[in-house]
Amino acid sequence: MSEIRRDVKKAVLDAVDELAPRLVRSVSDAVAIPSVNPKYPGQDYDKIVGAESDVSALIADLYREAGAETELVAEEARRDNACGRVRGAGGGRSLILNGHVDVVPALQPDLWDAPAFSGQVTDTAVLGRGATDMKGGTVAAAYAALALARAGVTLKGDLVLHAVVGEEVGDHQAGTTAALNAGYTGDAVLLCEPTNPTDGLPSLVSSTPGLLWFSITIVGRTAHPGWRGSTVHPTLDGERLGVNTVDKYWVIYHALRELENTWALRDRHPLFTPGHFSLLPGVLKANPVGIDVPFLLADTLTVDYCVLHHPDRGNDEVRAEIEETVRLACANDPWLREHRPEFAWKLDWPPYTTPGGHGLEAAVSDAHVEALGGVEYAAPPKREGFFGVCDITWTAAQGIDGVIYGPGAAKTAHAENEYVPIHQLVAAAKTYALTALDFCGIADDRSA
């Protein structure tokens with residue numbers, strides 16, 4: 001970290017400590033708002049739309065308290081993005097702190113230890129859907145701005161704040177891109193997504209996988225279940241009588257599972273555990289057309305896959321490899337060779353890697369150390385790849401690069417009993433504030 005007056009840094013860190021109880025309450029309040037993305041598959045849009053705006057309003061109040069020029073920006077009715085700008089004195093770089101307010105549904109409530117939207121606070125954590133992914137980081141960013149204001153700091157560059165909708169379904173046009181198009185841009189972005197799998201301190205992330213969502217549909221030939229034996233044995237009637245799509249899917253399943261193994265061996269990356277890049281068959285539907293009973297051979301099947309791939313590979317390249325893998329597998333099966341599966345590509349989320357030597361990476365690393373007591377007491381943050389994808393892809397599309405660093409037990413994201421550790425919230429707020437001091441500069445730049 002560049003030489004900044006010690007009294008300034010101490011004042012900022014003290015302000016975060018004083019604000020910590022409020023920070024925890026604000027995270028709890030945000031979690032208690034069931035801001036499920038209304039475009040998430042299976043949701044009743046008209047029934048739930050508007051809750052994202054309620055979270056954005058809560059965070060906008062914090063932005064205003066921090067002295068930010070604040071605006072609610074919406075591409076769609078009742079889906080507000082909270083955007084703020086703490087104007088600097090001039091002569092410094094501007095920094096965006098970006099987080100999202102939408103969450104995935106909380107299904108199977110019986111599996112939760114407490115109601116999913118309770119926002120329950122324990123001695124060590126805030127519990128509930130969205131605590132980790134990612135209201136904890138979004139609120140911590142607001143409190144970083146508030147701590148800077150409490151400490152009387154005037155930055156040189158602008159500190160820009162985003163609390164956006166849409167991220168959970170890749171709808172950046174309604175969220176992050178809408179905020180950028182409204183003028184809330186910067187020289188760099190710090191994504192406040194959760195970067196530790198468990199309860200440890202946040203890691204520093206500079207790379208995300210690419211993501212693809214696709215489905216494959218297979219057609220078969222229905223028949224009475226009493227003729228199952230005759231259809232599976234080629235010495236009898238075989239496929240002339242009936243073809244069960246569930247049987248045929250395994251041809252494709254095994255081919256893509258083998259491709260997944262190939263990726264684990266071939267597509268290594270220093271920031272990702274071998275095997276992280278994957279092809280997940282997450283939804284499978286097979287049935288006789290028009291009826292869900294097992295008294296006919298299933299003559300249709302659709303399977304949906306989520307793909308996470310190596311950051312150095314393009315989505316088009318990976319898409320072509322998947323299609324060729326399926327084509328080659330089907331070429332060895334007489335039915336599938338003549339009745340080719342149909343692909344539908346549903347979501348395309350490109351990977352991201354921070355350019356080498358980007359100044360924000362060093363600023364966040366140094367701030368993390370300072371936030372935890374300095375080099376005498378703390379090590380730099382662990383460097384890792386991101387477990388999923390995030391909106392840094394879309395800021396980069398507009399020429400704004402950066403890194404990812406934030407609170408949360410990431411292995412609980414999208415799962416039951418999601419929570420964010422309180423010590424991570426405080427560490428993140430301190431790190432964000434000190435990063436802004438370093439990256440944006442302070443108007444009174446007398447060194448320590």
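Colleague: How many aromatic pairs does the structure hold?

Modeller: The structure holds eleven aromatic pairs. Rings of Phe, Tyr and Trp (its six-membered ring) pair if their centres lie within 6.5 Å; planes under 30 degrees apart count as stacked, over 60 as edge-to-face and the rest as tilted. This is a predicted model, in which local features need pLDDT of at least 70 and side-chain atom pairs count only at pLDDT 80 or more, while totals for chains, interfaces and linings use all residues. Residues are numbered from 1 along each chain as its sequence is written, and side-chain values use heavy atoms, with hydrogens and water left out.

Colleague: What describes a pair of aromatic rings?

Modeller: The distance of the centres and the angle of the planes describe a pair. Tyr249 and Trp250 form a tilted pair, 5.4 Å centre to centre with 45 degrees between the planes. Tyr405 and Tyr432 are edge-to-face, at 6.1 Å centre to centre and 80 degrees between the planes.

Colleague: Where in the chain do Tyr405 and Tyr432 sit?

Modeller: Tyr405 is in the loop between strand S15 (402-404) and strand S16 (419-421), and Tyr432 is in helix H12 (residues 422-440), so the pair links distant parts of the chain, 27 residues apart. Helices (H or I, at least four residues) and strands (E, at least two) are DSSP runs, numbered from the N terminus.

Colleague: Is Tyr432 buried or exposed?

Modeller: Tyr432 is buried because its relative accessible area is 0%. Buried means under 20% relative accessible area, exposed over 50%, partly exposed in between (1.4 Å probe, protein chains only). Tyr405 is also at 0% and therefore buried.

Colleague: Which residue lies over the face of Phe439?

Modeller: Arg93 does, at 3.9 Å from the ring centre. A charge sits over a ring if NZ of Lys or CZ of Arg is within 6 Å of the ring centre and within 35 degrees of the ring normal. Arg319 lies over the face of Trp345, at 5.3 Å from the ring centre. Trp345 forms one aromatic cluster with Phe214, Tyr305 and Phe343.

Colleague: How do side chains lie in a regular strand?

Modeller: They alternate between the two faces of the sheet. In strand S6 (residues 188-191), Ala188 and Leu190 are buried on one side, and Val189 and Leu191 are buried on the other. S6 and S15 pair in the parallel sense over three bridges (two strands pair if DSSP finds at least two bridges between them). Val189 stands opposite Gly402 in S15.
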